[in-house]
Amino acid sequence: MESDYKISSQMLKGILEGCILVIIKRDFVYGYEMNEKLQQFGFSAVSEGTIYPLLLKLQNKKLIIGESKPSPDGPKRKYYKLTELGEIECDIFTQQWQILDNCVNNLLKGDENSEK
């Protein structure tokens with residue numbers, strides 16, 4: 001579902017790494033495919049130029065590892081999977097997002113009496 005409103009790049013920066021970890025946790029993916037999956041979930045403001053530096057950053061933090069594999073469509077592709085540390089970080093992101101999502105939704109609804 002597309003919206004006329006775009007997510008600001010500043011807001012995206014804070015959550016994109018976690019979203020990438022979630023996608024990698026679900027499937028062994030390569031960089032371009034990562035961009036396609038983000039687009040499918042509505043992250044239309046994210047470009048390939050944003051994805052690759054984040055993948056490198058996640059690799060440097062030892063949260064993901066890349067493995068080159070043959071491609072049926074041409075040159076080898078680098079597929080990414082989570083490390084054990086990446087699994088933990090992904091779970092932490094998911095828990096923190098659920099708390100934040102609940103808080104923001106309560107605020108938007110004006111529900112001051114919601115459970116904290």
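Q: Is Ser-71 buried or exposed in this predicted model?
A: Start with where Ser-71 sits: its place is in strand β2. Its relative accessible area comes to 11%. Buried means under 20%, so Ser-71 counts as buried.

Q: Which side chain makes a polar contact with the side chain of Ser-71?
A: Set aside the neighbours within four places in sequence, and Ser-71 is in contact with Lys-76 and Arg-77. A polar contact between side chains, at 3.4 Å, picks out one of that pair. The partner is Arg-77.

Q: How far is the nearest cysteine sulfur from Cys-90?
A: Let's look at disulfides, of which the structure holds 0. Cys-90 is in no disulfide, and the nearest cysteine sulfur is that of Cys-19. A disulfide needs the two sulfur atoms within 2.5 Å, while the one from Cys-19 is away from Cys-90 by 9.6 Å.

Q: How many salt bridges does the structure hold?
A: One of them pairs Glu-17 with Lys-61. Others include Glu-87 with Lys-25, and Asp-91 with Lys-25. The count for the structure is 7.

Q: How many residues apart in sequence are the parts that Glu-17 and Lys-61 tie together?
A: These two form a salt bridge, their closest N and O atoms being 3.2 Å apart. Glu-17 is in helix α1, whereas Lys-61 is in the loop between α3 (48-60) and β2 (64-71), so the pair ties together parts of the chain whose separation in sequence is 44 residues.
Glu-17 is buried at 16% relative accessibility, and Lys-61 is partly exposed at 42%. The separation asked for, then, is 44 residues.

Q: What is the distance between the closest N and O atoms of Glu-87 and Lys-25?
A: Glu-87 sits in helix α4 and Lys-25 in helix α1, so this pair links distant parts of the chain, 62 residues apart. Both ends are partly exposed: Glu-87 at 33% and Lys-25 at 39%. They form a salt bridge, with the closest N and O atoms apart by 3.8 Å.

Q: Why does the salt bridge of Asp-91 with Lys-25 tie together parts that are 66 residues apart in sequence?
A: The closest N and O atoms of Asp-91 and Lys-25 are 2.7 Å apart. Asp-91 is partly exposed, with a relative accessible area of 35%. The pair ties together parts 66 residues apart because Asp-91 lies in helix α4 and Lys-25 in helix α1.

Q: Where in the protein is confidence highest?
A: Across the protein, pLDDT averages 88, and 89% of the residues score at least 70. Confidence is lowest in helix α1 (residues 9-26), with a mean of 89. At the other end, with a mean of 96, comes helix α4 (residues 84-109).

Conventions. Residues numbered from 1 in each chain as written. Predicted model: local features only at pLDDT ≥ 70, side-chain atom pairs only at ≥ 80, totals over all residues. Heavy atoms only, no water. pLDDT = per-residue confidence, 0-100. Helix = DSSP H or I, 4+ residues; strand = E, 2+ residues; numbered from the N terminus. Salt bridge = Lys/Arg side-chain N within 4 Å of Asp/Glu carboxyl O. Buried < 20%, exposed > 50% of the residue type's maximum accessible area, 1.4 Å probe, protein only. Polar contact = N/O pair within 3.5 Å; in protein donor to acceptor, adjacent residues only side chain to side chain. Contact = heavy atoms within 4.5 Å.
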